[in-house]
Amino acid sequence: MIFDSHMHTRFSADSEMLATDALARAKNLNLGIIFTEHFDHGVKNDDGEFVFNPAEYMTEYKNLRGENVRLGVEVGLRKSARAANENFIKRADFDFVIGSIHLVDDVDIYYPDFYIGKDKATAYKKYFAQMAEEISAADFDALGHIDYICRIAPYDNPEIDYATFKAEIDAVLKIIVERGKVLELNTRRFDKIRAVKELVPVYKKYRELGGRFVTIGSDAHRTAAVGNYFSRALDFVHELDLKPVSFRERKLLP
């Protein structure tokens with residue numbers, strides 16, 4: 001079974017999705033799911049802080065957990081949060097841990113302030129450099145949405161542009177492969193032809209370096225987004241000779 005391995009329910013500060021609604025949607029699509037609630041130490045939005053009580057999470061969802069439903073977390077990776085992240089992960093028996101870069105220099109890259117005074121090269125090189133630094137040290141299973149910065153970056157062409165940032169991206173991919181971690185294929189932007197096209201050389205290089213596996217995740221925050229663009233994503237990974245996988249008890253499953 002294919003799993004949607006990245007989604008957020010009401011335990012995440014930026015989502016109101018109910019687990020039961022996500023499950024119903026996934027069942028209709030014949031997908032397994034992994035809930036991956038946000039833990040971003042010290043980060044807030046208008047709805048609250050990106051933290052949750054892991055004991056409450058596990059207790060509330062324990063009856064949902066099973067062969068096709070697993071419980072995970074998406075951890076925001078940054079140097080100032082390393083100790084907090086490590087302690088949080090130990091507080092529950094998560095099936096899966098996504099490590100993601102949401103902040104650079106402790107500034108949230110979702111908001112325009114990060115980009116003030118920075119051209120694309122400066123912003124993106126910082127992003128990839130800190131990604132490489134953090135995945136070298138962090139406890140995680142899969143690197144989340146390598147193209148996250150493209151969602152909000154204010155440049156005329158916000159896409160990754162592998163040819164321009166080859167050295168920085170290759171450094172990230174080498175660490176993933178050397179540490180035996182997995183690269184996520186996030187389908188949040190798969191409605192954009194150019195976005196998908198720009199990801200091809202990144203995942204092709206990952207395969208050339210020895211990467212074999214990917215998790216696929218919709219990054220859904222609402223029910224209708226669960227499983228979005230999975231047909232396109234499966235075509236993508238098969239064309240690049242990659243294998244979609246899931247995790248249970250933090251072990252990779254084909």
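1. Accessible areas here come from the Shrake-Rupley method with a 1.4 Å probe. On that basis, the chain of this predicted model exposes about 11,300 Å².

2. As to overall dimensions, the C-alpha trace spans about 50 × 40 × 30 Å along its principal axes. The radius of gyration is 17 Å, which agrees with the value near 18 Å that a compact globule of 254 residues would have.

3. Of the 254 residues, 54% are buried. Among contacts in the chain with a separation of 6 or more, 77% are made by residues 24 or more positions apart.

4. The chain contains seven helices and 14 strands. Eight strands form an open sheet with parallel pairing, in the order β1-β2-β5-β6-β9-β10-β11-β12. Its edge strands are β1 (3-4) and β12 (243-244), each of which pairs on one side only.

5. Phe-3 has Gly-32 of β2 as its bridge partner. Helix α2 (residues 54-61) packs on the sheet and touches both β2 and β5 (69-76). The direction of α2 makes about 160° with that of β2.

6. Which strands does helix α6 (residues 193-208) lie across? They are β10 (182-186) and β11 (213-217), and α6 runs at about 160° to β10.

Definitions and conventions:
Residues numbered from 1 in each chain as written. Predicted model: local features only at pLDDT ≥ 70, side-chain atom pairs only at ≥ 80, totals over all residues. Heavy atoms only, no water. Pairing = 2+ DSSP bridges. Helix = DSSP H or I, 4+ residues; strand = E, 2+ residues; numbered from the N terminus. Contact = heavy atoms within 4.5 Å. Axes fitted to C-alpha atoms, helices over the stretch in contact; angles between N-to-C directions. Rg over C-alpha atoms; globule rule 2.2 N^0.38 Å. Buried < 20%, exposed > 50% of the residue type's maximum accessible area, 1.4 Å probe, protein only.
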